[in-house]
Amino acid sequence: MGVISLIWGVLALLWMILALIPLLGWGNWFLIPFAAVGAIIGAIGVLFSGAGNNGRAKAGLILNAIVIVVGVARLSLGGGLI
C-alpha cells in the first residue's frame with residue numbers, strides 16, 4: 001500500500017505542477033479528489049503496516065496531503081476557475 005500511495009502522490013505532484021500554470025487551474029478540480037484517494041490509500045497503508053514498515057505509506061500520505069492543500073489554495077486564489 002505504501003508504494004502505491006507514494007507513486008500516486010508523485011503523479012498528483014506532477015499534475016499539480018501542471019495545474020499551477022495560468023489558465024490550467026481548472027485541473028485542480030480533478031486533482032484534489034485524485035490526491036484524496038491517494039491519501040486514503042496512504043492512511044490505510046499506515047494503519048495496516050507494522051511500525052517499522054510504514055515509511056513509504058507515510059511519505060505518500062504526506063505528499064498527497066501537501067498536494068491537496070496547494071490545490072485548494074490555488075483554487076481559492078483563482079476564484080475556483082483559473
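Colleague: At what angle do helix α1 and helix α3 pack?
Modeller: Happy to walk you through it, bearing in mind that this is a predicted model. Two packed helices are described by the angle between their axes and the distance between the axes. Here α1 covers residues 2-19 and α3 covers residues 55-77, and their axes lie 8 Å apart. The packing angle is about 25°.

Colleague: Is α1 roughly parallel or roughly antiparallel to α3?
Modeller: Angles under 35 degrees count as roughly parallel. The angle for this pair is about 25°, so α1 is to α3 roughly parallel.

Colleague: Which residues of α3 make the contact with α1?
Modeller: Good one to check on the structure. α1 passes α3 in a left-handed crossing. From α1, the contributors include Trp-8, Leu-13 and Met-16. On the α3 side they are Arg-56, Ala-57, Ala-59, Gly-60, Leu-61, Leu-63, Asn-64, Val-67, Val-70 and Arg-74.

Colleague: How many residues of that contact are nonpolar?
Modeller: The contact of α1 with α3 can be split by residue class. There are 5 polar and 2 charged residues in it. The nonpolar ones number 14.

Colleague: What pattern does the protein follow along the sequence?
Modeller: Its secondary structure comes to 3 helices and 0 strands. Read in sequence order, the pattern is α-α-α.

Terms used. Residues are numbered from 1 along each chain as its sequence is written. This is a predicted model: local features need pLDDT of at least 70, side-chain atom pairs count only at pLDDT 80 or more; totals for chains, interfaces and linings use all residues. Side-chain values use heavy atoms; hydrogens and water are left out. Axes are lines fitted to C-alpha atoms, for helices over the stretch in contact, and angles run from 0 to 180 degrees between N-to-C directions. Helices (H or I, at least four residues) and strands (E, at least two) are DSSP runs, numbered from the N terminus. Angles under 35 degrees count as roughly parallel, over 145 as roughly antiparallel, 65 to 115 as roughly perpendicular and the rest as oblique. A crossing is left-handed if the near helix is turned anticlockwise from the far one by less than a right angle, and right-handed if clockwise. Contact means heavy atoms within 4.5 Å. Ala, Val, Leu, Ile, Met, Phe, Trp, Tyr, Cys and Pro count as nonpolar, Asp, Glu, Lys and Arg as charged, and the others, Gly among them, as polar.
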